[in-house]
Amino acid sequence: MYKFKQIDQSRRLLGIQEPVTIDEIKKNYRMLLHKWHPDKCKEDIDKCIEMTKNLIKAYHTIIDYCENYKFSFSEEEVKKNFNNVDIWFDQFGNDPHWGK
């Protein structure tokens, strides 16, 4: 449970919603780091330094989780990520009336 709380707090700090891609995680991290970096920050310098440290820690927590996540490539799991076009082609793609 501790690990989940740490990951969830990190996700919230980075402002990422579910589901999310690695690119979206990196984009949010860069945007927030740019905002809070002590060289750029308009707030109190101590607050900026603390926020920068927290953002870096949160980013590493999320990336570590993502890098160690066990992916499943079963048909059922892959189909969970299908969009409407993928579903249509999965059902009718080889049909002589609808397919190529």
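The lining of the largest pocket draws at least two residues from each of helix 1 (2-13), helix 2, helix 3 and helix 4 (75-79); helices here are DSSP runs (H or I, at least four residues), numbered from the N terminus. The model is predicted, so that local features need pLDDT of at least 70 and side-chain atom pairs count only at pLDDT 80 or more, whereas totals for chains, interfaces and linings use all residues. Residues are numbered from 1 along each chain as its sequence is written, and side-chain values use heavy atoms, with hydrogens and water left out.

A pocket is defined on a 1 Å grid over the protein atoms alone, as an open set of points where a 1.4 Å probe fits, with protein on both sides within 12 Å along at least five of seven lines; lining residues have an atom within 4 Å of a point. The largest pocket holds about 920 Å³ of space, a volume being the space filled by probe spheres set on the points, which are joined across faces, edges and corners. Its lining comprises 23 residues, and P19, V20, Y65, Y69 and F71 lie nearest the centre. Helix 1 contributes the most to this lining, with four residues.

A nonpolar core is a set of buried Ala, Val, Leu, Ile, Met, Phe, Trp, Tyr and Cys residues joined through side-chain atoms within 4.5 Å. The largest such core has 16 residues, of which L14, I25, W36, L55, Y59 and I62 touch the most other members. Helix 2 and helix 3 (45-67) are the elements that give two or more residues to this core, and helix 3 gives the most, with seven residues. Apart from neighbours within four places in sequence, L14 is in contact (heavy atoms within 4.5 Å) with N28, Y29, L32, L55, A58, Y59 and I62.

Two further residues of helix 3 were examined, T61 and I63. T61 is buried, with a relative accessible area of 12%, and touches Q6, I7 and S10, not counting residues up to four places away in sequence. I63 counts as buried at 14% relative accessibility. The C-alpha atoms of I63 and K26 are separated by 9.1 Å, although these residues are 37 residues apart along the chain.

How values were computed:
Buried < 20%, exposed > 50% of the residue type's maximum accessible area, 1.4 Å probe, protein only.
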